[in-house]
Structures are given as structure tokens and as C-alpha cells.
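Here is a short briefing on selected local features. Please keep the sequence and structure open while reading.

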Amino acid sequence: MTLKTRLMATSAAFLIATGGAVYADGHATHPETGEVLASDQTFTYRDLDESPSIDPGVAEDSAGSDILRDLFEGLMNQDADGNLVAGVATGFEVSDDNLTYTFTLRDNAKWSNGDPVVAGDFEFAWKRAASPELASPYSWYIELMSIENAAAVIAGEMEPSELGVTAIDDTTLEVKLSQPLPYFPQMVTHFTTFPVHQATIEEHGDDWTQPGNMVSNGAYVLTEFVPQERMVRERNEMYWDNENTIIEKVVRLVIPDENVALTRYLAGELDRTDVPAGQFPRLAEEYPDQAVSVPLACSYYYTINLTGENSNPALLDPKVRQALSLAVNRDVIVDNVLAGGQKAAYTFTHWATAGFETPETPIATMDQAERDARAKELMAEAGYGPDNPLSVNLIYNTSEAHKSVAIAISQMWKQTLGVDTELANQEWQTFLETRGNQDYEIARAGWCADYNEASTFLDLMQSNSGYNDAKYNNAEVDAMLAEAKTSDNPQALYEQVEQIIAEEVPIIPIYHYAAVKMFNENLEGWPYNNFQQNWYSRDLYKIAGE
């Protein structure tokens, strides 16, 4: 068979799969829109760092979640607007007391090895994620879901078998909650709730996520992985909706330098990359059909070590923390340093979060001159000034954007308060360990919503949150956040928590993210209106260039 014949055969097979037409040159058309599709349906994108894990029970970062949504499928998915749509589950019923959810699973879902996906796979995965044995960095998420006995299981006080999730039969999963949780269905789109294949884990142990070992149930399977360099995932022929998948191969490249990545994008090597800090205005003018900025459900902040161990004693004084927060000119950060549509943050919760009305904290009502003046007063009251200058250490994970923000803020602290800041960058996984072990003074942090509700941000301020890296402990905040879960008006409680955060400053909110990207103008199907920017490669496709 000649190369041309093979290409035509491939196109014909693609036609059968998609229900589109095939032109004489071998191009297929999109079955719904009629657009002429590119012959090469490979989506290549750039990530800043290697993800710590692609095990759904162990993963913890947003880049890893993008991978996991391709490799695995949970009970529910999101559409292009962020609405809930069917995943492995075709739907669910809720008991009258809102404490029991019963999910009905489709009977044609399969693992990549051909095994059926059954309710027991979800039961196993959720109990595994909650188990002390796994020590998942996201085990606390199972507790946030209010699943019955979750707190006791995670603490090791009860066996994982007691977790309130049960496979009634192969297509029926029952979940019991300890209290009603209105946004519970949204939470099952998160990777921690994805099923895993028990026999594969038992056979391969920690190596089960390697190519050739991994058995997954998403639209794609893992075919290649070179750490810190390249990952490839290709269509899963066993996926229940494979016939409607168009992208054949997804290639993720780890490129730490944003400018190098942009160069490679402009050379045609990438279909998506991040816009380097400060370059969006220029790129939007030069490439109006490719440069994109939309709100993204993430908040950028600095967290302050409050443990008293490895922390700076001066930072245990709330006046010092308030002064540092006040002296950050957020408008300069978003307008001059980043310039990509981000918004200054004076609250932790992103301004675009569903149902959330941003309260006016005292810092938000001042202009920068007033903030600087108040910051100087507070620092003097705390005993610091020209005769007794404060020195702090600030760490961030390696990134030109994080570096630019850190340099700008350190200069603000120096000019306004006389504070000397020692900056240090660390590789991503090392940085996560350093910050998670409270081996820092001030650290860069970012939080992306696990679901579209204010608690996904504010629950990090709970004393027992797995990602409360400040180790902030306020019993009043804990009580209000617990009450908010069952309140008819959680907004009032969220406002109070935000006001307390602004006063006690365990974290310094800096800006609310926008997704600032460059996209191949031939790439279609990107969910720009999905606030969380939860994307699935199976929804994407590439049209033929002119």
C-alpha cells in the first residue's frame, strides 16, 4: 500500500467514525458544522512544569487535572459553558432529605483494556483517596464533599470501608452525605473522584501510571511519557463515545521558559501556549485571531508561614502582614507587569465566581497613596523602620511571570517600607514540598477552583485544610465556613470570612487570574466560556488551513 493510499484509507475510516463527508483530497468534514477538517488531528500544547502525579488519587495540580480529564472520566463532565453534563453517569437522583445521591452509570462504558466500568470502580477509587495508606494530598477534598464518615476515615479513626459510598450494583452508585451540600454534583467533576482500575494498581503498584501499564477509561490513553519533556495521549478505542472524538493525538510539552514557548508557538510547533507577562497587548494587536484573555477561576496570592517554625518572627505580627499587603500596588502588577486582563485582588475569592458578590474590604476602599501611608504607620507601630529594617524571604516556583511579579513586589516593599526581600525560585515539585512542609517565610501561591462556588477558595482558610499552607487557625472562620455549607445565604458568611482574612492577612491576595493564551487559529471547540477552563481534548478539532 502506498503512502497516499494509506492516507486515503485513514481519511475514510475517519469519515465512518465522524459521519462527515470526505473530499477528493482526503479531507473530512465536521459532522455537525460541516467545516473541512485538517488531515492531521494532533493537538500540541505547552505546560510550565511536570505534574507531580497523574494518579487521580494522588494528583494535586491544575496542569495534571487537564491530563486526567483526557485519561479518565468521572461521573459527570462539564460542557463548554461549565454546565454539568453526563459522564460515566447518565444522571442521578437525590433523596428528599438531600443526604443520599444515587448515580446511574451507563452500561457501555469500558476501560481501555475492554473491562466494563462499574460502580465498584468509583467506590474503590473514593475509598482509596480517603485512606491514610495512600496519604493523598487531596484526601481533604473527600471530606469537603461531606461524604459520610470522611473525616474519621481520613484521620484513621475508621476504616475506608466505612466511607459513605456504595456500589449497589454495577450501574448504581450510592453516596451518603453527612449534611446537605447544594453544590455536591459539581464536585464529582473533579479528578479526585475519577474511577481507577483496581486490578491494574494491584498488579503494578506505584508504576501503574506508566505507559503500557495504565488502564484508563477516558477518551485517551497514555502512550508516551518522558519526564520533564513530553507526554503523549492517543484516542482510546474503547471509550464509549469514541466515534464522536476527532482529535487523534494530544502532545504535552514541558517548556519552562514562556518566551521560548512563544517562539516555538509562532514557529508552528504548538497549538496553545501561555502569553508571557506584559506581552498580551502587543500579541493581541499582531495576532487578533490567536491571542485570547478570558476570566479564569484562579486567585494569585502570597501565603505567609504562621507556624512559628522556619517562619520569620516578624511575620507573626498581623500589623506587619497588613503593612506588606497594603504596600502591594496591585494595579501596577495587573496593568504593567502582566497586562493580560487580570484584575487586582483584595479578596481571596475570584470576582467572577458564581453567586459571589465581592465585599468591600477596607484595603479596597483606599487609593494606593492611602494604602502606602497606612502601611508605613503599621510597620512603625510594629517596631520596624529605617533604624530597624525588616528582612524577609520570598520563594516562588520557576517562571518568568512569577519572577517578574516577585521582583515588582519586592521593590514596592523596599520603596514604601524599607523591607529587604531575598528572592528564591525552586523547581515545581521541590517548591510544593517546601511550601507544604512550611519551610518558608513567604511563598507564591495560586488556587484554581475545584468547582464554581466561593467555598472552593475560602475552605483553604479552614484550619484543617490540606492546602492551608500558612497553617492559619481561626476557630471563628472554621465555624462560619462550616455553617455556610448548610446556610440558605452563605454569601453573608463568605463576606465575613473575607473581612477577617483582610484583617488578619494569613495570605496576601494579589490578582484574580485571566486565561491569557495563544491558540492556533485553526483549533476549534475551546471552552472559552467555561470559567474553570476545564477542557476535554475530545471536544476539540482542527480545521483545514486556507
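The model is a predicted one.

- The crossing of α11 past α13 is right-handed.
- On the α11 side, the contact is made by V332, I333, V337 and L338. On the α13 side, it is made by S404, V405, A408, I409 and M412.
- The residues of this contact divide into 8 nonpolar and 1 polar, with no charged residue.

- I409 sits in helix α13.
- Its relative accessible area is 0%, so I409 is buried.
- Which residues does I409 contact, leaving aside neighbours within four places in sequence? They are Y302, V328, I333 and I510.
- The C-alpha atoms of I409 and A470 are separated by 19 Å. Along the chain, these two residues are 61 residues apart.

**Helix pair α16 and α17**

- The axes of α16 and α17 come within 9 Å and cross at roughly 160°. The two helices are therefore roughly antiparallel, as the angle is over 145 degrees.
- The α16 helix covers residues 475-484, and α17 covers residues 490-504.
- This crossing is left-handed.
- From α16, the contact takes in E476, V477, M480, L481, E483 and A484. From α17, it takes in P490, L493, Y494, Q496, V497 and I500.
- By type, the contact residues are 9 nonpolar, 1 polar and 2 charged.

- D271 lies in the loop between α8 (258-266) and β11 (272-274).
- Is D271 buried or exposed? D271 counts as buried, because its relative accessibility is 5% and the cut-off is under 20%.
- The D271 side chain makes a polar contact with the side chain of N520 at 2.8 Å.
- A further polar contact joins the side chains of D271 and K542, at 3.1 Å.
- D271 touches T42, F43, T44, Y265, M518, F519, N520, L523 and K542, not counting residues up to four places away in sequence.

**Loop residues with positive phi**

- K471 has a positive phi of about 60°, although it is not a glycine.
- K471 belongs to the loop between α15 (455-458) and α16.
- At 37% relative accessibility, K471 counts as partly exposed.
- Q533 is not a glycine either, and has a positive phi of about 50°.
- The loop holding Q533 runs between β18 (523-524) and β19 (541-542).
- Q533 has a relative accessible area of 9%, so Q533 is buried.

**E202, an exposed helix residue**

- E202 is part of helix α7, residues 198-204.
- Its relative accessible area is 58%, so E202 is exposed.
- The side chains of E202 and Q198 make a polar contact at 2.9 Å.

How values were computed. Residues are numbered from 1 along each chain as its sequence is written. This is a predicted model: local features need pLDDT of at least 70, side-chain atom pairs count only at pLDDT 80 or more; totals for chains, interfaces and linings use all residues. Side-chain values use heavy atoms; hydrogens and water are left out. Helices (H or I, at least four residues) and strands (E, at least two) are DSSP runs, numbered from the N terminus. Buried means under 20% relative accessible area, exposed over 50%, partly exposed in between (1.4 Å probe, protein chains only). A polar contact is a pair of N or O atoms within 3.5 Å; within protein, one must be able to donate a hydrogen and the other to accept it, and residues adjacent in sequence count only if both atoms are side-chain atoms. Contact means heavy atoms within 4.5 Å. A crossing is left-handed if the near helix is turned anticlockwise from the far one by less than a right angle, and right-handed if clockwise. Ala, Val, Leu, Ile, Met, Phe, Trp, Tyr, Cys and Pro count as nonpolar, Asp, Glu, Lys and Arg as charged, and the others, Gly among them, as polar. Axes are lines fitted to C-alpha atoms, for helices over the stretch in contact, and angles run from 0 to 180 degrees between N-to-C directions. Angles under 35 degrees count as roughly parallel, over 145 as roughly antiparallel, 65 to 115 as roughly perpendicular and the rest as oblique.
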